[in-house]
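Trainee: I am new to this structure and would like to go through it with you, step by step.

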Amino acid sequence: WRYESDSFLDRIRVALDWDNTHDQQGLELEEEFEVFLEMAGPYQSRLDGLFGGSKTYYNGFYFDEQFNQLALSIRPVRELYARMMVRVEDVVDFANTRIGHSKRYTPNINYQFGRHLQLDLQHTYQTFDVSGGRLFTANLTELRSTYQFSTRSFLRLILQYGDTEREQSLYVRPVQSRYKNLTTQLLYSYKLSAQTLFFVGYSDAGFQDDSLNSIETSSRTFFAKFSYAWQP
């Protein structure tokens, strides 16, 4: 079911969805109901909402999940785009077969510096609580930077950093109390023609767990690729 309307906003749209999933033996795996909300306004602003719940089967049990999500985005000027997503839900803790309460916040900023340089920064902060307390707290940051030399070539840098803290006593299996990871990638691409592309790059990855005092590099990779598409 769908409803759309024009008002002082550019557009309002509401949609409903229901689905029911069974396996080949007839066991009900999920029954889900969702409400979608879309609102568009000035300055290319947009509000997206997702609300609903489901009965989910996992590991011999049924769980009642509830989810609520709002995402607001805006482009006040041509060079700047900003977005904020908030999701609050009761969701299955698959590692321990129980229901948990999750809160997740994801701000994102994209800025275009002139004709050549673009920066995109996104961070996700999540907490997950169960009946015994805080199961984990996670932070994930990603930075993407692209320098466009011309329509044929660009240089791109990607940095990803993650930091997760866990309460070991709340897990049924052994886990690290803290885990950090850092990955980087540098890529240069050149398009010789519409069908021919060449790129070269470097990437590395590192991590830190309970046995380490700082992030240590675990892998380094140099790569290059040449591709050509033949047209019949």
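This is a predicted model: local features need pLDDT of at least 70, side-chain atom pairs count only at pLDDT 80 or more; totals for chains, interfaces and linings use all residues.

Trainee: How many helices and strands does the secondary structure of the chain come to?

Mentor: Helices (H or I, at least four residues) and strands (E, at least two) are taken as DSSP runs and numbered from the N terminus. From that end on, the elements run β-β-β-β-β-β-β-β-β-β-β-β-β. The count is therefore zero helices and 13 strands.

Trainee: What share of the residues in the chain is buried?

Mentor: Buried means under 20% relative accessible area, exposed means over 50%, and partly exposed lies in between (1.4 Å probe, protein chains only). Of the 232 residues in the chain, the buried ones make up 29%.

Trainee: How many bridges join S4 to strand S5?

Mentor: Two strands pair if DSSP finds at least two bridges between them. Strand S4 (residues 46-58) pairs in the antiparallel sense with strand S3 (residues 28-40) over eleven bridges, and Glu30 stands opposite Thr56 in S4. S4 also runs antiparallel to S5 (residues 61-77), with two residues between them in a hairpin whose turn holds Asn59, with a positive phi of about 55°. The bridges that join S4 to S5 number 13.

Trainee: Which residue in S7 is the bridge partner of Val92?

Mentor: Strand S6 (residues 80-93) and strand S7 (residues 98-113) run antiparallel, joined by 14 bridges. They form a hairpin with four residues between them, and Thr97 in the turn has a positive phi of about 55°. The partner of Val92 is Ile99.

Trainee: Are Phe61 and Phe63 stacked or tilted as an aromatic pair?

Mentor: Rings of Phe, Tyr and Trp (its six-membered ring) pair if their centres lie within 6.5 Å, and planes under 30 degrees apart count as stacked, over 60 as edge-to-face and the rest as tilted. The structure holds eleven aromatic pairs. Phe61 and Phe63 are 6.4 Å apart, centre to centre, with 50° between the planes, and the pair is tilted.

Trainee: Is Leu155 buried or partly exposed?

Mentor: Leu155 lies in strand S10 (residues 153-166). Leaving aside neighbours within four places in sequence, its contacts (heavy atoms within 4.5 Å) include Tyr147, Phe149 and Tyr188, and ring pairs link Tyr147, Phe149 and Tyr188 into a cluster. Leu155 and Leu187 are 32 residues apart in sequence and 5.8 Å apart in space, C-alpha to C-alpha. With a relative accessible area of 31%, Leu155 is partly exposed.

Terms used: Residues are numbered from 1 along each chain as its sequence is written. Side-chain values use heavy atoms; hydrogens and water are left out.
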